[in-house]
Amino acid sequence: MLSIENLHASIAADSKAILNGLSLKVLPGEVHAIMGPNGSGKSTLGHVLAGRDGYDVTSGTVEFLGRDLFAMATEERAREGLFLSFQYPVEIPGVSNMEFLKAAVDAVRGHRGQEPLDSVAFLKAAREASKAVNLDPAFLKRGVNEGFSGGEKKRNEIIQMMLLQPRLAILDEADSGLDIDALQVLAGGINALRSPDRAIILVTHYQRLLDYVEPDFVHVLAGGRIVKSGDKSLALELEAKGYGWLEGEVA
Amino acid sequence: MSDFLHQALTREPEGAPHWLHQRHRLGRHQGGQQALPSRRDEAWKYTSLRALEEGGYLAHPEAPPPGSDLGQSFAIADLDAHRLVFVNGRLDASLSGGASLPAGVTLVPFSRASTADAALIHSHLGSLADGEKQPFVALNDSWLGEGVFLRVAANTRVTTPIQLVWLTAPQSESFALAQRLLVVLETGSEVAVVEHFASTAAAQNVFTTGVSELVVGANARLHHYRLHLEEASALHIGTVHASLARDALLNGFHLALGSPLKRIDLVVRHRGEGAHCELNGIYLPRRQEQVDYHTCMEHEVPHTSSEETFRGIIADRARAVFNGRIHIHRDAQKTSAHLSNRNLLTSNTAEVDTKPELEIYADDVQCSHGATVSQLDANQLYYLLTRGIPRQDALALLSFGFINEILNRIQHEPLRHHLQPQLAALFGQDPEFARDFL
């Protein structure tokens, strides 16, 4: 599904290196958690994979579903099935959430050779998705993320994921800033999307989410590369000891 | 010397009612003492009148050939309105009509005004729009033939909007039109008026001078829409003058597509305490078009307020001008006046000249203004792309979203539902789709 080999990336503006030889293999059906201290490169990884401008990939390769990921434009990666849930979802006043969702679903379905959904079928699917994450369907008529609370924005990301049915979902700090009720709703949404042909990468600072979405693998990202991998017990160990004990392995 | 103004002033109005002759003379006199503005005049610094001078727009309007299907050019689905339609300046009875009007409403074309109507018109016409310092108002006076008089009696609420359509169709020779509207709302009355400038789809060869005077009485509420949706060759220079009495409300919405020359001046005089004006506007010049809005909020007495928001999207090699003046007079304490103008340039060759002008002579007021010029937000674009939306569609969505925030302020739903898909189509979206959801 996803194969990252020795990835190096830096910020284009100041050539500051953020990813320093990161390698990771993800197979269909797997759930990976990537944890790490602030500034370790967690968010950068998601954006480099999704195709944000402003990063230079200086070396390494990424294969996604057998194709060279970096040969594809941002929108093409999405249509191929890569989905990044943003840590800070973007507000777009004036563009209705519904219109945005339909444009995205149309694009992805078209790419897969599926018929576009008619308005009625689409509305139904969108309402169901919003119910599944306990978000009032009235939010579908608002501007994209406009005036949404932090938790509402995160739930809107999950709605998008449900409608787009990606092959690989990268959730960047999907849990940060949520109270326990909101976290459970979110986790329910993520679990509903687990399937044998879909992989999920949870990027998170906290272990708490992993109580509700159980990962197959846990990786520690520090200094721009993965310094330790293990099963879910590693997350508990990190929660208890912090990241300090791994500092030695960063150098 | 091919001074358009002085040639134009010699044109005799055709078939105008006799009670307008005095106004013609006044216009000719006042216009004759002025010159056509040039780029050296501050108010015309960024807008050239060359298209007007070179176009020879002097022929009289003619009735368009019969049988042409003109109704399509201004139809607004689901708009239950009382309608007056003027085609090349002439009332077209067959296209006019619609919802009936309640008692207490006078709605008459100048050509059909009774002696009593004429006397009323006479007492208000020109009370706000003064040709002495405005050559295009003088020109309008000198040409004046047809116009609309709307009067709403005290405490009468008109629930269906009044749609005034000024439709043009091309003629063999370039021609000129004078459009005029006089609205008088008496105490406590309320009405919505849609001034709708439209044209057939063919390339136009018309110059229209428009003058609207809106007299809003005490505690009265006027919802005023002025839509410039003409084909891209139609020239227009128009002024809207409003006067607000005590506790009066004016809710104005302005929209202009571009053309070689489109200039609209708005002047709102707050003359009674408690008066409030909300003004929203959108301009969308493309290709090599231009749109120029000059607005002026006059706060003349204490405790009045205004809230003004204009947004423009300027594409291709187009050019926009926005000049927003707020004038708070010396006695106008406790005024609240806010102005925002934001512009989106979608190409490197697009241009906007935006200037807020504050003149404040009272010391206890709240006043703010802001003007921005920007390009599309890279972060918003990235977000849309990560959802698989094609780049062109993403750009269209974001551009339209920029003005859609203002369109969402249109209270009258059928009008909003008409404009949203029509404008969305300008940005390359599927209008049917937009209609479903917006």
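Me: What makes the six strands of chain A an open sheet, and in which order do they stand?

Reply: In this predicted model, local features need pLDDT of at least 70, side-chain atom pairs count only at pLDDT 80 or more, and totals for chains, interfaces and linings use all residues. Residues are numbered from 1 along each chain as its sequence is written, while chains are lettered from A and ligands numbered from 1 in the order in which they are written. The order in chain A is 6-9-10-3-11-12, with mixed pairing. Strand 6 (82-85) and strand 12 (225-230) of chain A are the edge strands, each pairing on one side only. A strand is a DSSP run (E, at least two residues), numbered from the N terminus.

Me: How do you know that strand 11 and strand 12 of chain A pair?

Reply: Pairing requires that DSSP find at least two bridges between two strands. Strand 11 (residues 217-222) and strand 12 of chain A have five bridges, in the antiparallel sense; they therefore count as paired. A:V218 stands opposite A:G230 of strand 12.

Me: Which parts of chain B are called domains?

Reply: Domain 1 (4-272) and domain 2 (379-438) of chain B are so called because the bounds come from an automatic or database domain assignment. Their centres, taken over C-alpha atoms, are 30 Å apart.

Me: How many residues of each domain of chain B take part in the contact?

Reply: Domain 1 of chain B gives 10 residues and domain 2 of chain B gives seven; contact means that C-beta atoms, placed from the backbone, lie within 7 Å. Strand 8 (190-199) and strand 10 (221-228) of chain B each supply at least two residues of the domain 1 side.

Conventions: Two residues are in contact if their C-beta atoms, placed from the backbone, lie within 7 Å. Helices (H or I, at least four residues) and strands (E, at least two) are DSSP runs, numbered from the N terminus.
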